[in-house]
Amino acid sequence: MQRIVERSGILQKAEKLVSTDRDKEHGDAHKNFKMVADFWSVYLGHKIYPHEVPMMMAMYKIARSTENPYNIDNYTDLCGYGALAGECSGDIDK
């Protein structure tokens with residue numbers, strides 16, 4: 001079976017996406033996830049934490065990949081969201 005892309009390529013692209021100038025386009029990720037978590041908390045009626053937002057987005061990317069398993073962007077974004085969730089996990093109220 002021929003690989004579409006090597007795993008290191010996916011990881012490198014994800015690292016570039018989450019570690020460069022995305023803040024200029026989308027704003028600070030932590031602030032953004034906090035705001036989304038607050039919105040989702042009100043909508044769902046129970047507490048959602050900022051680190052759960054990228055985890056939910058990762059699940060969204062997994063679901064999307066079932067429709068088109070050849071779209072490498074879904075896998076790249078999945079890695080990026082996982083890294084952001086890990087980084088935001090330090091923000092969890094203990």
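Let's start with helix α4, where Val-53, Pro-54, Ala-58, Lys-61 and Ser-65 are buried. Looking down the axis of α4, these buried residues fall within an arc of 140°, so they line one face of the helix. On the other side of α4, Thr-66 and Glu-67 are exposed. Keep in mind that this is a predicted model.

How far apart are the end C-alpha atoms of α4? They sit 24 Å apart, and that agrees with the 22 Å that the 16 residues of α4 (residues 52-67) should span at 1.5 Å a residue.

So what covers the buried residues of α4? The cover includes α3 (29-44) and α5 (72-88).

Take α3 next. It packs against α4 at an angle of about 80°, with the two axes 8 Å apart. Since angles of 65 to 115 degrees count as roughly perpendicular, that makes α3 roughly perpendicular to α4. Here is who makes the contact:

| Helix | Residues in the contact |
|---|---|
| α3 | Phe-33, Val-36, Ala-37 and Trp-40 |
| α4 | Val-53, Pro-54 and Met-56 |

By class, this contact of α3 with α4 has seven nonpolar residues, no polar ones and no charged ones. Two names in the table, Val-53 and Pro-54, are also on the list of buried residues in α4.

Finally, a look at Asp-28. You'll find Asp-28 in the loop between α2 (22-26) and α3. Along the chain, Asp-28 and Met-55 are 27 residues apart, and their C-alpha atoms are separated by 17 Å.

Methods
Residues are numbered from 1 along each chain as its sequence is written. This is a predicted model: local features need pLDDT of at least 70, side-chain atom pairs count only at pLDDT 80 or more; totals for chains, interfaces and linings use all residues. Side-chain values use heavy atoms; hydrogens and water are left out. Helices (H or I, at least four residues) and strands (E, at least two) are DSSP runs, numbered from the N terminus. The expected span of a helix is 1.5 Å times one less than its number of residues. Buried means under 20% relative accessible area, exposed over 50%, partly exposed in between (1.4 Å probe, protein chains only). The arc is that of the directions from the helix axis to the C-beta atoms. Contact means heavy atoms within 4.5 Å. Axes are lines fitted to C-alpha atoms, for helices over the stretch in contact, and angles run from 0 to 180 degrees between N-to-C directions. Angles under 35 degrees count as roughly parallel, over 145 as roughly antiparallel, 65 to 115 as roughly perpendicular and the rest as oblique. Ala, Val, Leu, Ile, Met, Phe, Trp, Tyr, Cys and Pro count as nonpolar, Asp, Glu, Lys and Arg as charged, and the others, Gly among them, as polar.
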